[in-house]
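Have a look at the model first, then read on.

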Amino acid sequence: MNRKQVTRVGESLSDAVYLKSGVVQGSCLGPLLFLLYVNDVTTTLSESTTCKLYADDVKLYSVVNTMRDITALQDSLNSLKEWSDIWQLQISTTKCVNMNLVKSGSVNSAFTIGEDSLPVQTAVKDLGVTVDCNLKYNKHIDNIVGRAKQRAGLLFKCFQTRDAVTLIRAFKVYIRPVLEYASNIWSPIQIGLIDKLESVQRRYTKRIPGFETLSYPERLSLLDLESLELRRLRADLITTYKVIFGLLDVSSNFFVVRDNSITRGHPYKLMLEHCDNNSQKQFLSQRIAKTWNSLPTTAIDFTNLVSFKASLQNINLCIFTRF
């Protein structure tokens, strides 16, 4: 109550406008109050529909095999629209899509929000990661490699210096984060995709004066860099530690720790589940199990996360990578 806001451009201020609703932008309580406002939306949906919220992003999904399943999911979309009308939070239907993860014999369905039909797409960008209807991330990798190469070209064009230290620092700040954001989700196991990602760093380091004739491993050593594949592997191991030891709020059966009382090695070895398709083999729970189980007992410290990260630095993880 009794709040007002202004907009500043340079040293000029607009007229004050009183706030009749909402929260103060930039306030510490704003995100929490917003969550309190929207979290009850999940109670309006049908039991067969799963809802995932992240700030103001909403995902609804359900297993659809029959017309009854289609009706239930459409009822949830209708309830979502009704809830948004009541609480005056307009749904950006132009940003909404329908993606069917179709198995053989499944029902391919269409849905609406209000009067707007949801377009069916084969790939969707979700929180910065593009995934297709086959749960593959090839398009995401193509996108980030293209962006990273474009940035690399701009850096060499805009930076007058050719000092190796400065160029590597720019690579770490402006290019590498593009190639590593959320890699725990999409990190590939296919050699072609691994090479495609690595080609960005390989080409960038080769353009640095004095390093053109050196091999890629030699350039990495002299520039004090690690391969992108190795960095993704280490990130996977750290995420695995967080999941197993309850530092991330995920499903309790994401990893299955096997009974290691009669086996050698560390006491947190994982069960490797049977995969029905190639997409499952790329999941974190599948691709990291072999490496995790191979961690040497004498060198790894599971006491806490800080100790675990430090002990990873003392292990030669390159034996698990191509670069």
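Which residues lie nearest the centre of the second largest pocket? In this predicted model, they are Ile-189, Leu-233, Arg-287, Thr-291 and Phe-320, out of a lining of 17 residues.

- Volume first: the second largest pocket comes in at about 430 Å³.
- Helix H8 (228-244), helix H10 (284-287) and helix H11 (289-293) are the elements that each give two or more residues to its lining.
- H8 supplies the largest share of that lining, with four residues.
- Sorted by class, the lining of this pocket has seven charged, six nonpolar and four polar residues.

**H3 against H4**

- Helix H3 (residues 138-158) and helix H4 (residues 164-180) have axes that come within 9 Å and cross at roughly 160°.
- H3 and H4 are therefore roughly antiparallel to each other, and their crossing is right-handed.
- On the H3 side, the contact is made by Ile-144, Val-145, Arg-147, Ala-148, Arg-151, Ala-152, Leu-155 and Phe-156.
- Facing them from H4 are Leu-167, Ala-170, Phe-171, Tyr-174, Ile-175, Val-178 and Leu-179.
- By class, the contact of H3 with H4 has 13 nonpolar residues, two charged ones and no polar ones.

**H8 against H6**

- The contact of H6 with H8 splits into three nonpolar, three charged and one polar residue.

**H8 against H12**

- H8 passes H12 in a right-handed crossing.
- Arg-234, Leu-237, Ile-238, Tyr-241 and Lys-242 are what H8 brings to this contact, while H12 brings Leu-305, Phe-308, Lys-309 and Leu-312.
- The contact of H8 with H12 has six nonpolar and three charged residues, and no polar ones.

Technical notes: Residues numbered from 1 in each chain as written. Predicted model: local features only at pLDDT ≥ 70, side-chain atom pairs only at ≥ 80, totals over all residues. Heavy atoms only, no water. 1 Å grid on protein atoms, 1.4 Å probe; cavity = no way out; pocket = protein on both sides within 12 Å on 5 of 7 lines; lining within 4 Å. Points joined across faces, edges and corners; volume = space filled by probe spheres on them. Nonpolar A, V, L, I, M, F, W, Y, C, P; charged D, E, K, R; others polar. Axes fitted to C-alpha atoms, helices over the stretch in contact; angles between N-to-C directions. Parallel < 35°, antiparallel > 145°, perpendicular 65-115°, else oblique. Left-handed = near helix turned anticlockwise from the far one by under 90°. Contact = heavy atoms within 4.5 Å.
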